[in-house]
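This report walks through one model step by step, for a reader who is meeting it now. Please keep the sequence and the structure in view while reading.

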Amino acid sequence: MTEVILVQPKVGDWDMVRSHPSLPLSLLTAASLVSREFSIVLIDMRTMNDWKNRLKAELDKNPLCVGTTSLTGRQIKYALEISRFVKENSNIPVVWGGVHVSLFPESSVNNEYIDFIIQGDGEIAFLQLVRRLKEGGGNFENINGLWSKHIATCTNNKKRELCDLDKLPTVPYDLVDLKYYLPSFMGRRTLYLETARGCSNDCAFCYNSVYHLRKWRSRSAEKVIRDITDIVHNRKINSFYIIDDNFFVDLKRARKIAESIVDQKLEIYWESQGITISSALKMDREYIRLLEKSGLKKVHFGVESGSDRILKLVNKRISIDEVLQVNRKFKEFDIILQYNFMSGFPSETVNDIKSTVNLVFELMRENKRAIISPICPFTPYPGTKMYDDAIKTGLRAREKLEDWIESDYGDTIWTSKEKARLSKSLFFSSMFLDRHRQKSMVQNNFLKLAINLYRPIAKFRIKNLYFDFMPEILLKEKIFYRNGRNPGTLK
Ligand code: B12
Ligand code: SF4
């Protein structure tokens, strides 16, 4: 008997270049409590070509609900495709969670294919909802974080809770066959792992202010180490990608985790998605040596801009000088530093963008392990200070759920045409800037060769901000979307 169906939508471009898709961690984590009481089937659009047949077969068993997830951007298109399919083939309620609908619960729940939205942390609210659906009777009151268009008054529902991560069980990995989901990192199959949520910093563009209400919560070092040890011993996985937005907030906790990895001779590789320049400045050589010894291979810094004026504007609370200090400090360690930048901030000038480009090349020159993510066009997300500012200065707000499909990697609707073009071209060229990043991510040999051949052209374009004639963008669209349809467009 299937009581709950979860369907993982495609993400977008990255589905096509990675060795393996990322773990459906949002759905798995949301289901960590539900899975202890109800039987769940997880269907993945990315790995199952026959997902529609499978979904239809499960719908025929008359489950309590179907759940799916949402990042802002193209994932919405695929989540809508799933939801429409459910509605065309059954009367089963559709539940959405994830970052996007948490930012826009009200406009999203009005979509014809969606019945419920769970805003923010999913674990407790999802369990409560599934229990109520099982009871029948249509009472959905007092479920914190639940939005529904079926109930007129659900005021209490809008207060949402932030879970205590130590009270949650480990992720129900057995709902999937892990072998499909371990992207390759430095030759090792890698598991995505969450150890903390949120961030207490105050960057004016960041979703954290509204999504995690500017609070940082973590699983204790003991629980994290127990999770890791269990996975290493029982699942034979020896590489971890810690997806926390800010792993190093509590340096003592991070130290304990690193020490335990060393003491227990786990011999893992690990990578941290979230570290701030301020945390890195506080680390001394002995601390970084310990991290290196524990198998830390890569960290991701959000630097955002090479212009101190822009850093101030976005309340980043770091300076270019500090970024360079950290870059030099890590030089002697075998740890890759991946820097993230954006372009297209309000009031940003071409000179500011040049400063970003100069910093990018300086970082790579000074530390041979420094690499750069594609320079993303800035997107103002609701709830952030910069969204409110953008609205005041003429942002055309996107109203419906579908309006957001085209927005990942380049929501430039709020800026001038010339600036939008510059940001998008810079983004495209900067995808090819880094040799090391592609080496560990891209598996397709034809793609690898094409990228290597194009790299010198990309470098020339970025250094000179020369983007006048770019047939390569059309070529990319052709290669990626052979059916000629932009994946961001709903049929
Ligand atoms: C892994 C990851 C990815 C994976 C895919 C993830 C996926 N969901 O399919 C990959 C690498 C492919 C990816 C790509 C992108 N990502 Co990404 N990614 C992440 C990352 C690091 C972790 C996501 C995760 O698993 N979190 C852990 C889970 C447990 O948390 P959660 O999703 O919030 O889920 C909870 C609730 O939302 C809820 N919930 C979620 N789904 C559901 C469903 C149901 C039914 C229910 C009841 C509840 C529920 O319950 C969960 C547990 O409480 C986050 C940063 C972060 N720390 O979260 C960024 C993040 C989600 N990505 C982000 C972005 C911007 C992108 C990109 C668009 C661009 C980019 N620059 O990277 C691309 C998309 C590219 C494309 N279109 O091709 C932003 C999202 C902003 C937004 N508004 O959507 C984030 C938050 C990073 C950031 N700091 O800005 N990403
Ligand atoms: S430090 Fe990173 S996660 Fe924290 S608020 Fe700033 S951008 Fe967001």
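## Helices α18 and α20

In this predicted model, helix α18, which covers residues 417-430, packs with helix α20, which covers residues 445-464, at an angle of about 145 degrees, and the axes of the two helices are 9 Å apart. The crossing in which α18 passes α20 is left-handed.

On the side of α18, the residues that make this contact are Leu426, Ser429 and Ser430, while α20 contributes Ala458, Arg461 and Ile462. Sorted by class, the contact of α18 with α20 holds three nonpolar residues, two polar residues and one charged residue.

## Helices α10 and α11

Another helix pair is formed by α10 (residues 221-235) and α11 (residues 251-263), which pack at an angle of about 35 degrees with their axes 9 Å apart. Here α10 passes α11 in a crossing that is right-handed.

The residues in contact are Ala221, Val224 and Ile225 from α10, together with Arg253, Lys256, Ile257 and Ser260 from α11. By class, this contact of α10 with α11 is made up of four nonpolar residues, one polar residue and two charged residues.

## The chain as a whole

The chain contains 21 helices and 17 strands. Its radius of gyration is 22 Å, which is close to the 23 Å that the globule rule gives for 491 residues, so the chain is as compact as a globular protein of that length. Taken along the principal axes, the box that the C-alpha atoms of the chain fill is roughly 65 × 55 × 45 Å.

The domain assignment divides out domain 1, residues 4-158, and domain 2, residues 182-480. The centres of domain 1 and domain 2, taken over C-alpha atoms, are separated by 28 Å.

Between the domains, 26 residues of domain 1 are in contact with 25 residues of domain 2. On the side of domain 1 that touches domain 2, two or more residues come from each of α1, α2, α5 (75-89), α6 and α7 (105-109), and α6 gives the most, with four residues.

## Around ligand 1

Ligand 1 has 39 residues around it, of which Gly12, Ser26, Gly67, Gly97 and Gly122 come nearest. Both domains take part in this shell, since domain 1 (4-158) and domain 2 (182-480) each provide at least three of its residues.

Which elements each supply at least two residues of the shell around ligand 1? They are the helices α1 (13-17), α2 (25-30), α6 (99-103) and α8 (123-135), along with the strands β3 (65-69) and β4 (94-97). The largest share, five residues, comes from α2. Divided by class, the shell around ligand 1 has 17 nonpolar residues, 14 polar residues and eight charged residues.

## Around ligand 2

The residues around ligand 2 are Cys199, Asn201, Cys203, Cys206, Asn208, Asp245, Asn246, Thr276 and Gly302. By class, three residues of the shell around ligand 2 are nonpolar, five are polar and one is charged.

Methods
Residues numbered from 1 in each chain as written. Chains lettered and ligands numbered in written order. Predicted model: local features only at pLDDT ≥ 70, side-chain atom pairs only at ≥ 80, totals over all residues. Near = placed C-beta within 6 Å. Nonpolar A, V, L, I, M, F, W, Y, C, P; charged D, E, K, R; others polar. Domains from an automatic or database assignment. Contact = placed C-beta atoms within 7 Å. Axes fitted to C-alpha atoms, helices over the stretch in contact; angles between N-to-C directions. Left-handed = near helix turned anticlockwise from the far one by under 90°. Rg over C-alpha atoms; globule rule 2.2 N^0.38 Å.
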